[in-house]
Structures are given as C-alpha cells and as structure tokens.
Amino acid sequence: MPGNDEQDDSFMDLAAGGRDLDSYGPIPRHGGQAPMHGSARVLDADEVQGVLSGAFYAPPPRDEEHSRRPRAQKLPRPAHYKVICISLYTKDLEALDAAVDELKTRGITKASRSALIRVALEQLDLDKVPRGM
C-alpha cells in the first residue's frame with residue numbers, strides 16, 4: 001500500500017491531468033478557459049444562462065391573457081396621507097416608544113409612533129421651540 005505522500009502526489013497528478021497546479025487547482029493552458037469535464041461537456045454556459053434568465057429571472061409577462069392568475073386592479077393612492085422616512089436619535093426613539101407603551105397601558109390601544117407625533121404637532125407652540133434646536 002503506498003504511503004500518504006505517494007497517494008497525495010498521484011491524486012494531484014490525476015487532478016491536474018499532467019498540468020501545473022496553483023492553490024486553486026489546475027492552471028488552464030488553452031486560452032485561459034478550464035477544460036470541459038462531466039456536465040460541462042453537455043451544458044453550454046451561454047445556453048444555461050439563457051434558460052435561467054428567460055425562465056427564472058425574467059419579469060412576468062405583460063400580456064394579461066398569458067398570466068397565470070388575474071392581477072389585482074391598482075387602486076388610486078390615498079391623498080390624505082403620505083408615507084415618509086425620518087431619522088431620530090436612538091435616545092429619542094426610545095423615549096417615543098416608551099410614551100407609546102405608556103399610552104397603551106393606559107388603555108389607548110390605537111397609540112402608535114405616528115399617532116403620538118401627530119398629537120405632539122397639534123400641541124406644538126412654535127414660540128417655545130429653542131433657537132439652537
């Protein structure tokens with residue numbers, strides 16, 4: 001039985017197919033492309049990419065009659081509110097969440113961050129806002 005060194009060397013020669021090896025495997029000698037082995041001989045990379053992009057990654061068909069299920073009708077967006085994004089310091093966010101939790105323990109079940117901000121805006125006195133905000 002060959003020793004481990006002999007076995008490793010013969011395996012490396014077999015894996016390299018008589019070619020030089022680097023840390024990633026055989027160094028290709030023909031145009032920078034690795035030789036085709038196993039399934040690579042059967043499957044053309046361009047053909048596989050075409051199938052994947054056409055079947056799996058393509059947007060759904062725009063034609064309604066080819067659709068598998070009817071699409072929901074787009075409803076007009078509400079005009080009485082808008083969804084926005086604001087930034088708050090974590091300390092301020094914790095205070096806001098604590099106030100919402102307190103309101104909920106007091107029985108105001110519809111309390112939320114946005115509801116509390118709306119109430120605060122209604123009670124805002126601009127004369128009391130500090131100049132250095």
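Trainee: How many salt bridges does the structure hold?

Mentor: Two. This is a predicted model, where local features need pLDDT of at least 70, side-chain atom pairs count only at pLDDT 80 or more, and totals for chains, interfaces and linings use all residues. Residues are numbered from 1 along each chain as its sequence is written, and side-chain values use heavy atoms, with hydrogens and water left out.

Trainee: What makes the contact of Arg-113 and Asp-97 a salt bridge?

Mentor: The term asks for a side-chain nitrogen of Lys or Arg within 4 Å of a carboxyl oxygen of Asp or Glu. For Arg-113 and Asp-97 the N to O distance is 2.7 Å, so the pair counts. The two partners are 16 residues apart and link distant parts of the chain. Arg-113 is in helix α5, and Asp-97 is in helix α4 (residues 90-105). Helices are DSSP runs of H or I with at least four residues, strands are E runs of at least two, and numbering starts at the N terminus.

Trainee: Which side chains meet in a salt bridge at 2.9 Å?

Mentor: Those of Arg-106 and Glu-102, N to O.

Trainee: Why is Arg-106 called exposed?

Mentor: Buried means under 20% relative accessible area, exposed means over 50%, and partly exposed is in between (1.4 Å probe, protein chains only). Arg-106 has 62%, so Arg-106 is exposed.

Trainee: How much of the protein counts as buried?

Mentor: Of its 133 residues, 5%. The secondary structure comes to five helices and two strands, in the order α-β-β-α-α-α-α.

Trainee: What makes the lining of the second largest pocket nonpolar?

Mentor: Ile-117, Ala-120, Leu-121, Leu-124, Val-129 and Met-133 line that pocket. Ala, Val, Leu, Ile, Met, Phe, Trp, Tyr, Cys and Pro count as nonpolar, Asp, Glu, Lys and Arg as charged, and the others, Gly among them, as polar. The tally is therefore six nonpolar, no polar and no charged. The space is about 250 Å³.

Trainee: How does the lining of the largest pocket divide?

Mentor: Into seven nonpolar, two polar and two charged. Its residues include His-80, Lys-82, Ser-114, Ile-117 and Arg-118. About 340 Å³ of space lies there.

Trainee: Why can Ile-117 belong to a surface patch?

Mentor: Patch members need over 30% relative accessible area and no salt bridge, with nonpolar side chains (Val, Leu, Ile, Met, Phe, Trp, Tyr) joined within 5 Å and like charges within 9 Å. Ile-117 has 33%, so it passes the area cut-off. Ile-117 lies in helix α5 (residues 113-123). The nonpolar patch covers about 710 Å², with Ile-84, Leu-88 and Leu-126 among its other members.

Definitions and conventions. On a 1 Å grid over the protein atoms alone, a cavity is a set of points where a 1.4 Å probe fits but cannot get out, and a pocket is an open set with protein on both sides within 12 Å along at least five of seven lines; lining residues have an atom within 4 Å of a point. Grid points are joined across faces, edges and corners, and a volume is the space filled by probe spheres set on the points. Accessible areas come from the Shrake-Rupley method with a 1.4 Å probe; for residues, only the protein chains shown count as cover.
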